[in-house]
Amino acid sequence: MKNSNSLMLTVNPFFSIRNLAYRANFSIIYEYKKRLSHVEKQMPAIIAAAEAVAIRWVEKKHVLMHYPYSNNTSSFIREFVARAGGLDNARVVKERAKIASPDDVFICSVRSWEKDGFILKDCEKSKQSGWLNIVFASKNGMPQQSVVDFLIDNGATTGDDSEAAVNNIVNITNGWIFTCELVSALTRFSVRPGILKAMVLPGSTEYNKCYQRMDGLPMLYPCDHFIKPGLLGKQYLNAMKNTINILIDKKNIIQIEKASDIAVQRLRNGHDVWVSSFTHALAGEVFYNNKSPIKPLDGVNCCENSALFRQNIKKQDLIFWFGEWTCNLPARNYLDIIKSTGADYIASYRVGNEKTEDYGSKNNVFYAKAEDAVMIINQYWEFENVCVDIPFPPYKMAPVSGVYICLFYRMLDEKIAEKLSLVQPCRKSNNA
């Protein structure tokens, strides 16, 4: 029997979100839903890019997948590097610079050409090194160039920054479909890559040691399963459609309404409202394209002595703290850092009581201990946090939480702004 966090909603074959989405007035949901139709049309281009990388990897063996880290693109990079349910071969460029080869692959994302056009200079350097360039971006507004081997279009109508928030979420969606299709393409050469397992899952520590090689070299392993093109990508696409249904469900809308009311009241009383996270995509995403006066803080590099939080957050302020399975990590108790500021906090994580990996402490490090939070926002995704079935270990890949929590945060930010009369509520036609 599934627990209360299970994804009980199923994908409506007609995929109509009219009744709930428009009643809730969330433009990000409308835009993302509309873009998923475009994502589906991009499947042949994604498969072609994945097959090109697979051919390189099988033929050349020493093929590294480089993700460039920069401020504007950090949320995309964080979503794929050292990511449970993703490729062990996905690393930040600088991490393996000393062992790079002319056969490597350069993968990057553009939130908007208006702000991120500089990435093409990185692509030029990559091309000079002999690397294959794969760019997740908008075809519209793209400067003329000849250094991009594969452009995976996110469907933006322009290249300016006004669509950047949804662009990035679509880029992440396409990025996971690409990752799935790369795995699929490799099986058609009778090999498979190393797929990482979430640190919260029992047995993950020993499992991941097999793939996280100290020399950083990518490995391929024998595989006797043949996966057809498009099969895995379609699974992920359907999971994202289901994610929308979950986010616009009444139980989640109630959470957003309550949380936004608390934030708006705090702002009207003259206090600051902050947001921070240690999660992959959202840790960087909170810094860009906010509609409300919410203030972001870096939750990944907040310092062991909590200096960043203590120097900024004041008593009677409010902070939204977003986790995944918990608010803490084995190496850092984030809730203690937050509590040391004297501010109130709203915690968001997946509430559950499943058995987790043992890290040797007396207490379960994944137990949030957030009883003194002003509110706890539940995240509704399956315990494993992966949605695509594969016929080899760890038997599932491609996480849901990155897209889920980015969409949720945009919904929350939009609702706060709406209640402060900073934006107009979303009003779309009934034909959407």
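Trainee: Where is Pro394?
Mentor: This is a predicted model: local features need pLDDT of at least 70, side-chain atom pairs count only at pLDDT 80 or more, and totals for chains, interfaces and linings use all residues. Residues are numbered from 1 along each chain as its sequence is written, and side-chain values use heavy atoms, leaving out hydrogens and water. Helices (H or I, at least four residues) and strands (E, at least two) are DSSP runs, numbered from the N terminus. Pro394 sits in the loop between strand E13 (386–389) and strand E14 (396–399).

Trainee: Is the peptide bond from Pro393 to Pro394 cis or trans?
Mentor: Most peptide bonds are trans. From Pro393 to Pro394, omega is near 0 degrees. That bond is cis.

Trainee: Is Gln42 buried or exposed?
Mentor: Buried means under 20% relative accessible area, exposed over 50%, partly exposed in between (1.4 Å probe, protein chains only). Gln42 has 12%, so Gln42 is buried.

Trainee: Which backbone nitrogen does the side chain of Gln42 reach?
Mentor: Gln42 touches Leu151, Ile152 and Asp153 (heavy atoms within 4.5 Å), not counting residues up to four places away in sequence. At 3.0 Å, its side chain reaches the backbone nitrogen of Asp153.

Trainee: What is phi of Ser190?
Mentor: Ser190 is in the loop between helix H7 (164–187) and strand E6 (191–193). Most residues other than glycine have a negative phi. Ser190 is not glycine, yet its phi is positive, near 65 degrees.

Key:
Polar contact = N/O pair within 3.5 Å; in protein donor to acceptor, adjacent residues only side chain to side chain.
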